[in-house]
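Dear colleague,

I am passing on the structure we talked about, and I would be glad if you kept it open while reading the notes below.

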Amino acid sequence: MNFELRILGSNSATPAHGRHLSAQVLTIGTDVFLIDCGEGTQFQMLKYQVKRQKIKHIFISHLHGDHIFGLIGLLMTYDLTGRTKPLHLYSPAGLQAIIEIQLNDAPKFPLHFHVTDPSVSTVLFENSRVEVTSIPLVHRAPCHGFLFTEKQQTANILKEKIAAYQIPYQAIGAIKAGANYTLKDGRVIPHEALTQAPAAVRKFAYCSDTMYTEAILPLIKGVDLLYHEATFMHDLLPLAEKTMHSTAKQAATIAKKAKAKQLILGHFSSRYYDLNPLLEEAKAIFEATTVVEEGKAICIKRERP
Ligand SMILES: [Zn+2]
Ligand SMILES: [Zn+2]
């Protein structure tokens, strides 16, 4: 099952220097999730061939314009192109009023608003492949990030063992689920000898917008990939604190303390044309850091134990 992130926008507040506003597409197997939807998201989707009709769930971190102003255009496109599939929107309170005031008529496809509580971490969505949990953040508006966790798969059966012990097809489901197998002569073959342990679950955490907060550490511990906002460099810490954003150094500190495997910095202030100084500032704390390259697919590979 693929687990792929494509970041469509990485600038804060206004588009600048070829960078767009916040939007990310996460594909886990057949599920395609949109995270935030800043102005210009549709153009980025077209440029990077994102299959927008596959999106059934949109997760909005907060109601600042740079995270939602692309939404109305996308909803209109869905309506004009004859969408019939339901669409689910998850966001703090207020989004429904913002959308409805802009729409002349209700869309012809079912549009479901799910009002979230950004003050507590809750499961927002789950199916057989993935669970999406909110991450309470600290910002000027009620705001949360999102943790996408792959569901644990069952153990893989070792075909050569099944053949060697002549285990019937009907017994395989139980073995996969953890059972041992008893042969006709009474010998018990342990589950571990018949299977390969499942791959570790993969996790992606989206943390934007927020000021530095260690309260998120237990929620994002050990994630494979952490996107953390880094609006400013650390010399502008007072401005970061005033506007309730983070610095590159703070994002890296969070990644290090959370023992994340990889960090991606984004949500940059337009004052930065060159992002290398932010990258260097973060790498001094947490080596496995990159800055967003818009449109590039980032795949998280399965790791066998
Ligand atoms: Zn923002
Ligand atoms: Zn904001």
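What follows is a short account of how some of the strands pair.

Please bear in mind throughout that this is a predicted model.

I begin with the open sheet, which has 7 strands in the order S6-S5-S4-S3-S2-S1-S18 and whose pairing is mixed. Strand S6 (111–116) and strand S18 (297–299) stand at its edges, and because each has a single partner strand, one side of each is left without a neighbour in the sheet. If the direction of the strands is ignored, neighbouring strands of this sheet are turned by 20° against each other on average.

Within that order you will find strand S4 (residues 55–59) beside strand S5 (residues 87–92), and these two run parallel, joined by 3 bridges. Here phenylalanine 59 stands opposite tyrosine 90 in S5.

The other part to look at concerns S7, S8 and S9. Strand S7 (residues 123–126) and strand S8 (residues 130–136) pair in the antiparallel sense over 3 bridges, and they form a hairpin with 3 residues between them. S8 also pairs with strand S9 (residues 144–150), again in the antiparallel sense, over 7 bridges.

Key: Residues are numbered from 1 along each chain as its sequence is written. Chains are lettered from A and ligands numbered from 1 in the order in which they are written. This is a predicted model: local features need pLDDT of at least 70, side-chain atom pairs count only at pLDDT 80 or more; totals for chains, interfaces and linings use all residues. Two strands pair if DSSP finds at least two bridges between them. Helices (H or I, at least four residues) and strands (E, at least two) are DSSP runs, numbered from the N terminus. Axes are lines fitted to C-alpha atoms, for helices over the stretch in contact, and angles run from 0 to 180 degrees between N-to-C directions.
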